[in-house]
Amino acid sequence: MLLTLAWGSLFFLGLFALSTWGLRRARPEWPMYDCLMISTRLVSSAQAVLATASGIIIIFYCRDVVTDR
């Protein structure tokens, strides 16, 4: 469980840092605030897509979603 938490933290933090760095290089005229806001929204979107995908997988592979593990 802790390993999953560590990998998830590294993934989302790395995605945020990479997108902020890429936006600063691609659009140097944009203020830092705009780059941070877009990076935050990108990371939130990635988290939402992954959460939705895992929910769909759980629904398809569990007969009874309430009691199955």
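Predicted model: local features only at pLDDT ≥ 70, side-chain atom pairs only at ≥ 80, totals over all residues.
How far apart do the end C-alpha atoms of residues 42-62 lie, and how much of the span is helix and how much strand? The end C-alpha atoms of that span lie 30 Å apart, with 95% of the span in helix and 0% in strand. I picked this stretch because UniProt, in an unreviewed entry, lists residues 42-62 as "transmembrane region". That label comes from the record.

Now the chain as a whole. Its secondary structure comes to two helices and zero strands. The radius of gyration is 17 Å, whereas the globule rule gives 11 Å for 69 residues; the chain's value is well over that, so the chain is more spread out than a compact globule. Along the principal axes, the C-alpha atoms fill a box of roughly 55 × 20 × 15 Å.

On to surface and burial. The accessible surface of the chain is about 6,000 Å², and carbon and sulfur atoms account for 71% of that surface. Of the 69 residues, 12% count as buried.

Next, helix 1, which covers residues 2-26. Does its length agree or disagree with what its residue count should give? At 1.5 Å a residue, 25 residues should span 36 Å, and the end C-alpha atoms are 36 Å apart, so the two agree.

Which residues of helix 1 are buried? They are S19, T20 and L23. Helix 2, residues 32-61, is included in what covers the buried residues of helix 1.

Take T20 as the example. This residue is found in helix 1. T20 has a relative accessible area of 9%, and the cut-off for buried is under 20%, so T20 counts as buried. What does T20 contact, leaving aside its neighbours within four places in sequence? The contacts are M32, L36 and S39.

Last item, aromatics. A search of the whole structure finds one aromatic pair. The rings are those of F11 and F12; their centres are 5.0 Å apart and their planes stand at 75°, so the pair is edge-to-face. The cut-off for that label is over 60 degrees.

Technical notes
Residues numbered from 1 in each chain as written. Heavy atoms only, no water. Helix = DSSP H or I, 4+ residues; strand = E, 2+ residues; numbered from the N terminus. Expected span 1.5 Å × (residues − 1). Buried < 20%, exposed > 50% of the residue type's maximum accessible area, 1.4 Å probe, protein only. Contact = heavy atoms within 4.5 Å. Rg over C-alpha atoms; globule rule 2.2 N^0.38 Å. Areas by Shrake-Rupley, 256 points an atom, 1.4 Å probe, with all protein chains shown as cover. Phe/Tyr/Trp six-rings, centres within 6.5 Å; stacked < 30°, edge-to-face > 60°.
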